[in-house]
Amino acid sequence: MTVKQPEAIEITPDRFDNLKPYELTDHLERGRVLLFPTPPLELPSDEDLQFLKQKTPEYHTRKNISYYPEADLIRGIKAPPEIEQRTQAILKAYQERVGACLRRLVPTFTPGWRSATSSLRVFEENNRGIPIRARSDRIHLDAGTYGASRGDLILRFLTNLDDKERVWRCKGTVSDLVETYGEAAGLERGDELLRDSMLRRMGSGMVRGLSRAFPSLATLEQSAYDQAMRHMHNYMKESDEFHQDPEGMVEIRFKPRSCWLVFADMAGHSCLSGEFAMINTFMVPRTNFRHQEFSPWEVLDRYARGKSALPPDIPIGS
Ligand SMILES: [Fe+2]
């Protein structure tokens, strides 16, 4: 089995207003990274960026400072009220601008989607002293960050706000990763891989209710699908063998003030270096895919049924 390099597709400003239907979504459905050398939206003002860079680092309490639009709450910061309020206002406004931008660029993904988080990173990613499963510099598929997604996908729009490049190392897309490493990650073929027990469904309902007031509790909600993706995430982050094998590995460099868009649960990725960035996340129903065969749910479903996890070969635009 060959592990594929996730590709980066550059989208220049002359194309923003002349896109064919599905031109961008077809790439994203295949686990590719869309790279915008010129931002397709208005970035936060220079004054706001200076404020975030200078005033927030000392008040960080978590890996990210995150604004949760559904609960209208900010987490990961403990600061005097005027600093917290201004930080929240900047993150909220940017999430709204990113949402409007994505409605224009990838409109077919947006029906029924959920605005999940607007997050700020202000620390150097290289060698952050945090546990291995939380480290961004180990290649992984995102999983479990928003509780039970049950197959909805994690669409991330990232903005490099730093004066230096942000560097990602990527390896594989979800189908070839599951096909090659599913067994090593502990994924057992069979119906149970994607089926939720009655007990789990009841527990999920309770957690979902509580997480409306306490958004971070959402991560406690689990489904069989999310657990399978979590197995992949943990295996990839923890395995030295996986990281030492260069097959399918590629480095992607993001210039200062560039943006990129990717399904973080479809392209194996890590952040080797980079400091000041925004990460805006939306949960997209898998039923919005034009070709659901590419979705991680269907990848796992094929694997569970003892078939190849790889999708059929469907050309772009067809
Ligand atoms: Fe990630």
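The donor residues of the iron ion follow the sequence spacing H-x1-D-x126-H. In this predicted model, the protein donors are H140 (NE2), D142 (OD) and H269 (NE2), lying 2.2 Å from the ion. Donors are taken as N, O and S atoms within 2.8 Å of the metal (3.2 Å for Na, K and Ca), and sites may look incomplete because water is not among the atoms. D142 lies in the loop between β5 (114-121) and β6 (153-160), and H269 belongs to strand β10 (residues 267-273), so the pair ties together parts that are 127 residues apart in sequence. Helices (H or I, at least four residues) and strands (E, at least two) are DSSP runs, numbered from the N terminus. D142 is buried, with a relative accessible area of 7%, and H269 is likewise counted as buried at 8%. Here buried means under 20% relative accessible area, exposed over 50% and partly exposed in between (1.4 Å probe, protein chains only).

Residues are numbered from 1 along each chain as its sequence is written. As the model is predicted, local features need pLDDT of at least 70 and side-chain atom pairs count only at pLDDT 80 or more, whereas totals for chains, interfaces and linings use all residues; side-chain values use heavy atoms, with hydrogens and water left out.

A search of the whole structure gives 13 aromatic pairs. Rings of Phe, Tyr and Trp (its six-membered ring) pair if their centres lie within 6.5 Å; planes under 30 degrees apart are classed as stacked, over 60 as edge-to-face and the rest as tilted. Among these pairs, F16 and F36 are tilted, at 6.0 Å centre to centre and with 55 degrees between the planes. This pair links distant parts of the chain, 20 residues apart: F16 is in the loop between β1 (8-10) and α1 (23-29), and F36 is in strand β2 (residues 33-36). Both F16 and F36 are buried. An edge-to-face pair is formed by F109 and F263, with 5.3 Å centre to centre and 65 degrees between the planes. F109 is placed in the loop between α3 (81-105) and β5, and F263 in strand β9 (residues 259-263), 154 residues apart. F109 and F263 are buried as well. Ring pairs also join F16, F36 and F157 into a cluster.

Charged side chains also lie over aromatic faces. K171 is over the face of F242, at 4.3 Å from the ring centre, and R290 is over the face of Y22, at 4.1 Å from the ring centre. The criterion is that NZ of Lys or CZ of Arg is within 6 Å of the ring centre and within 35 degrees of the ring normal.

Two residues stand out in backbone geometry. Most residues other than glycine have a negative phi. D72, not a glycine, has a positive phi of about 50 degrees; D72 is in the loop between β3 (65-68) and β4 (73-75) and is partly exposed at 39% relative accessibility. R150 also has a positive phi, near 50 degrees. R150 lies in the loop between β5 and β6 and is partly exposed, at 28% relative accessibility.
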